[in-house]
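I opened this file to look up a few things and write them down in order. Confidence comes before geometry.

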Amino acid sequence: MHPTLRRTGLVLVTALPVMLATLWVSGTLSPASSTTPSIAGTDPVTNPARLGNESLSFGGCAVRFDTKDGSPRIHTNSSHYCVGVREIYISQANGRLSVRLVDRQPVIALSAVPDETLAGARGIMVGPSGGTSGIEYQFYDTKLGRPLDLRKLADRKRIKGSTSNLWISWVRAV
């Protein structure tokens, strides 16, 4: 393991592939469609991996913090693609990263993975909180021992960088 990761105790795991593999192996993820997998079942309360006749939608994005003042932007190019995001901005109410989604659907799973620049070198952790139309991401600086308030330039400087990315993804019922 990388020495910085060992020192901070961070373990980087992307939840989405693990969750999808679990659904596939358990037989609940249907191989019928590669673009919109469907889930079969009847009782989502007693059998949470089964959602009746509903399908799943997947979205995700790379958010980069390389602007002059460290504000976030959607990072897209030939290697990075963004799906399902209408807008990203810093919430003036609480200083968190806010992501407005293109539609309103119930959330099944959220993932936020800071890249090696943020997590490994700087000790930044991120936690998502979301609903049907948007998701907020709270940044926490393990070296400062406190949440970051992205309304403040000094806190944005903690995450600013030419390769500072936050990888976000979600699964929703449609």
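**Entry 1: confidence.** I noted to begin with that this is a predicted model. I looked up the mean pLDDT of the protein and found 80, with 70% of its residues at 70 or more. I then asked which element has the lowest mean pLDDT and which the highest. Helix α1, residues 3-8, has the lowest at 38, and strand β8, residues 146-147, has the highest at 98. Residues 1-16 have pLDDT below 50, and this stretch has 23 contacts in the model beyond near neighbours in sequence. I found a further stretch, residues 20-42, where pLDDT stays under 50. For residues 20-42 the model has 38 contacts beyond four places in sequence. Where pLDDT is low, the predicted coordinates should not be read in detail. I left both stretches at that.

**Entry 2: the open sheet.** I wanted the strand order, and I read it as β2-β1-β9-β5, an open sheet of 4 strands with antiparallel pairing. Which strands are at the edges? They are β2 (73-74) and β5 (107-114), each of which pairs on one side only. I followed β5 to its partner, strand β9 (residues 165-173), and counted 7 bridges in the antiparallel sense. Within this pairing, L110 stands opposite W170 in β9.

**Entry 3: the hairpin.** I turned to strand β6 (residues 124-130), which runs antiparallel to β7 and is joined to β7 by 7 bridges. The two strands form a hairpin, and I find 3 residues between them. S129 stands opposite E136 in β7.

**Entry 4: the disulfide.** I searched the whole structure for disulfides and found 1. It joins C61 to C82, with an S to S distance of 2.2 Å. I looked up the torsion about the S-S bond, which is about -110 degrees, so the disulfide is left-handed. C61 lies in strand β1 and C82 in the loop between β2 and β3, so the pair ties together parts that are 21 residues apart in sequence. Are the two cysteines buried or exposed? C61 has a relative accessible area of 4% and is buried. C82 is at 18%, and because the cut-off for buried is under 20%, C82 also counts as buried.

**Entry 5: V83.** I moved on to V83, which is in the loop between β2 and β3 (85-90). V83 has a relative accessible area of 36%, so I logged V83 as partly exposed. What does V83 touch beyond its neighbours within four places in sequence? The contacts are F58, G59, G60 and W170. For F58 I also took the C-alpha to C-alpha distance to V83: 8.0 Å, at a separation of 25 residues in sequence. W170 is the residue I had already noted opposite L110.

**Entry 6: the aromatic pair.** I asked how many aromatic pairs the structure holds, and the count is 1. The ring centres of F65 and F139 are 5.6 Å apart and the planes stand at 85 degrees, so I recorded the pair as edge-to-face. F65 is in the loop between β1 (56-64) and β2, and F139 is in strand β7 (residues 134-141), so the pair ties together parts 74 residues apart in sequence. I checked accessibility for each ring residue. F65 is buried at 0% relative accessibility, and F139 is buried with a relative accessible area of 1%.

Key: Residues are numbered from 1 along each chain as its sequence is written. This is a predicted model: local features need pLDDT of at least 70, side-chain atom pairs count only at pLDDT 80 or more; totals for chains, interfaces and linings use all residues. Side-chain values use heavy atoms; hydrogens and water are left out. pLDDT is the predictor's confidence in each residue, from 0 to 100. Contact means heavy atoms within 4.5 Å. Two strands pair if DSSP finds at least two bridges between them. Buried means under 20% relative accessible area, exposed over 50%, partly exposed in between (1.4 Å probe, protein chains only). Rings of Phe, Tyr and Trp (its six-membered ring) pair if their centres lie within 6.5 Å; planes under 30 degrees apart count as stacked, over 60 as edge-to-face and the rest as tilted. A disulfide is a pair of cysteine sulfur atoms within 2.5 Å.
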